[in-house]
Amino acid sequence: MSQDHRAPIRNPFLEPGASVPSAPPRRADADPEDRLAEFRLGPAFGGRPAQPHRPQGFGGPTAPGEGTTTPTRPDGTAAAEPADTAAWPVDTAAEPAANPKTAQPAESAEAADAPAPAPAPLPTVRVLAVCTGNICRSAYVEYALQAQLNALLGDRGRAEVTSAGTEPNQALTVPGPLLDLAPSRRVRAALTQHRPQQLTGRSLADQDLVLTATDDHLDEVLREDPAAVRRTFTILGMGTLLRDHGEELAAAVPPGAGVTALVTALAELRSRLIAHGERPDADLPDPFRGPAEGYAAMAQTAQPIVELLAWEIARALDGDLVEEEPAGA
């Protein structure tokens with residue numbers, strides 16, 4: 001190997017004529033910037049100190065008696081001033097390597113900080129309640145079920161619950177004893193403003209579910225629309241299916257399966273019960289023009305069914321809308 005006969009580069013940190021001290025042993029872990037500085041400034045440069053500071057006369061405060069002249073090389077040319085240590089670039093080579101199992105790209109971190117996208121809106125649910133005069137049983141179920149669904153669906157979905165009568169009298173209004181049994185002030189206000197409506201084929205169109213007070217009302221519905229047979233149930237029959245066969249429905253209708261899947265499962269369950277000689281459908285007595293106890297009995301019978309049905313509908317739309325067990329279970 002040939003020997004290097006070039007004159008050594010003078011260390012500008014030393015006074016003219018001063019001997020060059022012996023170089024300390026080079027650290028095996030010296031970073032590339034330290035080795036470059038050692039080459040430029042001579043072997044006396046022992047690497048960057050633990051706490052870097054600006055060298056005297058190179059941008060830092062000048063000690064008394066020290067000059068600010070630029071040092072010169074042995075050939076008389078001006079030596080380049082060493083870079084300001086405050087402006088040294090961050091040494092990324094000396095940083096510990098990131099754990100590939102825990103490290104996350106910048107895009108992932110930004111995505112974690114970004115707000116979660118709003119959940120998609122749910123389909124509109126349409127339910128029709130039917131009785132004779134449309135001022136007691138079907139009216140109560142309409143507004144009680146509407147209030148329950150509104151509370152469960154919130155801003156995610158929309159429910160349209162309506163009611164109609166097979167023989168409505170437009171001159172009649174909801175009786176006072178039933179107003180006093182309303183489950184909330186909002187339901188009471190809606191019942192106060194309610195006016196009876198006539199059941200027609202048009203009112204049955206596009207309904208996801210039809211609830212009738214009696215078997216006779218169910219027959220009237222089918223006379224108007226025979227195709228509604230698998231989506232029409234009596235109120236008490238619905239209560240029997242929901243209360244006594246909840247586990248079968250939960251197995252047949254997973255969360256988020258949709259209201260159509262729920263109604264289909266209910267119809268199939270009713271068909272199986274009828275095939276085994278059971279009669280899940282029953283009549284809800286009409287309290288109209290009777291004692292106050294009759295209105296109370298009707299409301300106390302219908303309210304748990306309304307709550308169970310609202311819970312099952314919300315679960316069929318999106319299981320996250322409801323808790324583990326419905327309130328009326």
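A disulfide is counted here when a pair of cysteine sulfur atoms lies within 2.5 Å. By that criterion, a search of the whole structure finds zero disulfides. The structure is a predicted model, in which local features need pLDDT of at least 70 and side-chain atom pairs count only at pLDDT 80 or more, while totals for chains, interfaces and linings use all residues. Residues are numbered from 1 along each chain as its sequence is written, and side-chain values use heavy atoms, with hydrogens and water left out.

The chain has 11 helices and four strands. These elements are DSSP runs numbered from the N terminus, with helices being H or I of at least four residues and strands being E of at least two. Of the 329 residues in the chain, 37% are buried. Buried means under 20% relative accessible area, exposed means over 50%, and partly exposed lies in between, with a 1.4 Å probe and protein chains only. Among the contacts in the chain with a separation of 6 or more, 69% are accounted for by residues 24 or more positions apart; a contact means heavy atoms within 4.5 Å.

The sheet comes next. The four strands form an open sheet in the order β2-β1-β3-β4, and the pairing is parallel. Two strands pair if DSSP finds at least two bridges between them. At the edges stand β2 (159-165) and β4 (232-234), each with a single partner strand, so one side of each has no neighbour in the sheet. From one strand to the next the twist averages 20°. Angles run from 0 to 180 degrees between N-to-C directions, and axes are lines fitted to C-alpha atoms, for helices over the stretch in contact.

Strand β1 can be followed through both of its pairings. β1 and β2 pair in the parallel sense over seven bridges, with Val125 opposite Ala159 in β2. Strand β1 (residues 125-131) also pairs with strand β3 (residues 209-212), in the parallel sense over four bridges. There, Leu128 has Val210 of β3 as its bridge partner. Helix α7 (residues 215-224) packs on the sheet and touches β1, β3 and β4, and its direction makes about 165° with that of β4. Helix α8 (residues 235-244) also packs on the sheet, touching β3 and β4, with its direction at about 90° to that of β4.

How much of β1 is buried? Six of the seven residues of β1 are buried, so the strand is largely enclosed by the rest of the structure. Cys131, in this strand, is buried with a relative accessible area of 2%. The closest cysteine sulfur to that of Cys131 is in Cys136, 6.9 Å away, which is too far for a bond. Cys136 counts as buried at 3% relative accessibility.

Cys131 is also among the residues touched by Thr166. Thr166 is found in the loop between β2 and α4 (176-179) and counts as buried at 17% relative accessibility. Leaving out residues up to four places away in sequence, Thr166 touches Val130, Cys131, Thr132, Gln198, Leu199, His217 and Glu220.

Helix α8 is largely enclosed by the rest of the structure, because seven of its 10 residues are buried. These are Ile235, Leu236, Gly237, Met238, Gly239, Leu241 and Leu242. The buried residues of α8 pack against α3, β3, β4, α9 (246-252), α10 (259-275) and α11.

Two of those partners, α3 and α11, also pack on each other. Two packed helices are described by the angle between their axes and the distance between the axes. The axes of helix α3 (residues 137-153) and helix α11 (residues 292-317) come within 9 Å and cross at roughly 40°. On the α3 side, the residues in contact include Arg137, Tyr140, Ala144 and Gln148, and on the α11 side they include Met298, Gln303, Glu307 and Trp311. By class, this contact has 17 nonpolar, two polar and two charged residues. Ala, Val, Leu, Ile, Met, Phe, Trp, Tyr, Cys and Pro count as nonpolar, Asp, Glu, Lys and Arg as charged, and the others, Gly among them, as polar.

Helix α3 also packs with helix α5 (residues 185-193), at an angle of about 140° and with the axes 10 Å apart. Here Ala139, Tyr140, Tyr143, Ala144 and Ala147 in α3 meet Val187, Ala190 and Leu191 in α5. The contact of α3 with α5 has eight nonpolar, no polar and no charged residues.
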